[in-house]
Amino acid sequence: MILLEVENVVKQFAGHLALDNVSLTVPENSIYGLLGPNGAGKTTLIRIINCITAPDSGEVRLNGKKMTTAEVQQIGYLPEERGLYKKMKVGEQALYLAQLKGMSRQDALKALKYWFEKFEIQAWWDKKVEELSKGMAQKVQFITTILHNPKLLIFDEPFSGFDPVNADLMKREILELRNNGATIIFSTHNMGTVEDLCENISLVNQAKIVLQGNVAEIRANHATKTFLVRSENSITGNNFELLSQTEKDGIFETKIKKMNTGSNNLLLKELIQQTEIHTFEELLPGMNDIFIETVKP
Amino acid sequence: MSKISLIIKREYTTRVMKKSFIILTFLTPLLFAGMITVPLWLASLKDNTKKHIYVIDRTNQYQKVLKSNETYEFDFVDKPVNAVRNDNADNKDFTALLLITDDLRKNSKAATIYSQQQVNLELKTYISDILSNYVEQQKLAAYNIPNLKQMVENSKADINIETIKWNKDGKEEVGSAELALIIGMISAFVIYMFIVIYGAQVMAGVVQEKTSRIVEVIISSVKPFELMMGKIIGIALVGLTQFLMWVVLTSILSMAVGSILGHGIDLNTLQQSNQINMNMHGMPTDTAQGSIQHIYSMLSGFDFLKISIFFVIYFLGGYLLYASLFAAVGSAVDSETDTQQFSLPLTLPIVFAIYAAIYSAQNPDGPLALWCSMIPFTSPIVMMVRLPYGVPAWQIAISLGILVLSFIGTTWMAGKIYRTGILMYGKKVTWKELWKWLRY
């Protein structure tokens with residue numbers, strides 16, 4: 001099932017093209033990564049999905065329906081530039097933001113109680129935001145984003161500014177939200193999280209989508225036929241190129257690159273005949289490498 | 001609850017609950033009341049210390065005029081000036097020395113007052129009044145015409161022109177140009193103050209939302225225009241609340257203070273000062289009570305309800321016109337310190353309007369007053385000055401019509417700048433840029 005469709009979206013700002021014919025589809029109940037260098041157009045795309053900016057042409061659909069106020073209310077959006085009213089009390093402010101999202105006061109109170117208990121921050125309710133630390137404020141911000149139980153969650157650089165403990169907490173919460181049926185889009189520079197969390201990605205560069213698809217497939221497609229072999233003795237062969245070899249505690253660690261198009265089993269067979277093999281592992285490129293390689297001018 | 005009313009409610013309650021708002025709302029009427037009553041109260045205080053004045057009178061003819069009383073004690077001595085000075089070098093009781101060297105009829109400059117400290121004005125006026133009066137009478141007597149004094153007294157005139165306005169029913173109302181001026185200027189000034197203060201609050205509010213980075217969170221729930229209008233309307237309500245509180249509190253206070261001071265303040269003091277006036281100019285003045293009655297009859301000649309209604313209308317019109325522009329400025333900058341560059345073109349016409357109002361007050365039907373009460377950027381302030389003098393209905397209608405059309409126009413324009421501006425971070429905005437945003 002497809003939850004969100006972005007179709008041929010074009011957005012031109014005075015003097016420069018921010019999005020050039022961008023299309024993507026986000027399957028329901030998945031985590032989708034929106035990657036790209038700074039200024040590539042990610043935030044513009046996210047704003048268009050949120051109906052904050054209107055596209056010059058193209059269309060965005062949620063559940064097959066064109067975006068209207070009712071559709072936007074099913075989105076929870078945590079912008080990259082985020083903050084809270086500093087002088088307002090935490091509880092009051094969370095209630096206000098929830099009501100702006102269309103929740104009734106009672107529902108909002110109930111949901112807030114649940115989340116404040118879950119994050120163990122009930123004591124903050126009557127504090128002013130300016131009294132909170134940055135990490136604390138971000139927790140509150142996270143709660144206000146997901147409070148109205150949105151179908152689609154959009155996080156723009158969710159982990160920037162979080163300390164590692166909180167970042168991990170957020171990661172777990174995001175996964176739990178997904179398991180509970182939500183669909184999540186997030187834009188990030190952190191390729192580690194992409195590999196951990198995302199099922200699909202779009203890589204945006206200079207207003208265009210340059211790479212799109214399933215993370216596992218993308219990595220397989222970018223495979224460089226490199227293998228890591230741990231063995232009792234050193235290995236040699238004609239079918240592969242030796243990239244590096246080290247020895248530690250009597251175990252040889254060798255990186256090899258397959259020269260032919262034969263299957264991996266064939267290669268392994270050749271190695272087994274030489275010595276005792278402890279490990280034979282294909283080294284898939286990280287998203288980081290793929291990102292840099294794709295974006296490189 | 002609709003979203004815009006949620007925003008209005010937040011803007012209103014957060015401001016009204018602020019300590020500074022509460023303090024200002026309750027203190028200002030006290031300040032007003034204080035400004036009116038303290039001088040009266042001070043005037044009623046008497047200086048009880050006795051003034052001791054030595055007099056050296058070389059002509060020996062003024063002793064019968066300068067009589068000692070409760071306040072002033074005149075001590076006639078026959079010593080050289082220096083001797084008096086040396087004798088009293090450390091005398092705390094000594095106030096001043098009056099030296100009269102010649103007949104004042106012939107030489108009007110023959111009297112001098114010496115003292116160790118600056119001679120106060122009251123003493124100087126008191127002595128010179130007595131001496132002038134005496135010399136005047138001496139001169140009159142010198143003409144040897146019987147009843148001359150009486151004739152001079154009768155020939156003095158005090159022309160007090162009463163102004164009466166014919167209203168539409170053909171009735172006569174006691175009018176007062178002075179009172180119209182005061183009422184007009186006060187309401188013009190209050191509108192000016194409210195536009196500047198609350199316009200600046202709108203701007204600061206927008207800048208705050210932008211710098212705290214909450215704006216994008218909010219406009220993912222509501223349209224930027226709703227956010228802007230919610231803020232503008234919420235702050236307008238704050239302004240109206242404050243104004244209403246001031247009116248109510250000031251009237252309660254002045255009634256309370258009036259009833260206390262009505263007995264407390266010595267009417268005698270007022271009458272005394274009137275009598276001094278009479279002595280000086282020989283003309284009778286209204287007693288305090290008489291003038292209060294006069295003021296009441298003039299006040300009743302004004303249609304306060306009409307003026308209050310127009311005050312609210314023009315306040316809202318002027319505020320809406322400027323507030324949206326202030327919001328646009330706030331959205332275009334990154335911090336409050338950057339607002340000056342763009343808010344100057346907004347504050348200039350407001351300041352111009354208050355000057356135009358001051359000049360219009362002198363000629364409320366002149367071309368400056370007429371045009372400035374039509375131009376929307378000045379009309380809310382200038383029209384308030386003209387209203388107490390009476391303005392034809394068609395002029396009010398045109399002025400209000402232009403004002404309404406203009407604030408719809410500026411709000412529309414500001415909305416366009418605003419929705420682009422609030423999402424722009426870390427960019428130095430130029431006028432050219434603003435123009436571009438307008439045409440997106």
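In chain B, strand β1 (residues 51–57) and strand β3 (residues 96–100) run parallel and are joined by 5 bridges; strands, like helices, are DSSP runs numbered from the N terminus, with at least two residues (E) for a strand and at least four (H or I) for a helix. The model is predicted, so local features need pLDDT of at least 70 and side-chain atom pairs count only at pLDDT 80 or more, whereas totals for chains, interfaces and linings use all residues. Residues are numbered from 1 along each chain as its sequence is written, while chains are lettered from A and ligands numbered from 1 in the order in which they are written.

**Sheet of chain B**

- The open sheet has 4 strands in the order β2-β1-β3-β4 with mixed pairing, where pairing requires that DSSP finds at least two bridges between two strands.
- Its edge strands, each pairing on one side only, are β2 (72–76) and β4 (111–114) of chain B.
- Opposite I53(B) stands A96(B), which belongs to β3(B).

**Helix pair of chain B**

- Helix α11 (residues 304–332) and helix α15 (residues 393–421) of chain B pack at an angle of about 20 degrees with their axes 8 Å apart, the axes being lines fitted to C-alpha atoms over the stretch in contact and angles running from 0 to 180 degrees between N-to-C directions.
- α11(B) and α15(B) are therefore roughly parallel to each other, a term that applies to angles under 35 degrees.
- The contact, counted where C-beta atoms placed from the backbone lie within 7 Å, involves residues including G317(B) and L321(B) of α11(B) and F407(B) and A414(B) of α15(B).

How values were computed: Parallel < 35°, antiparallel > 145°, perpendicular 65-115°, else oblique. Contact = placed C-beta atoms within 7 Å.
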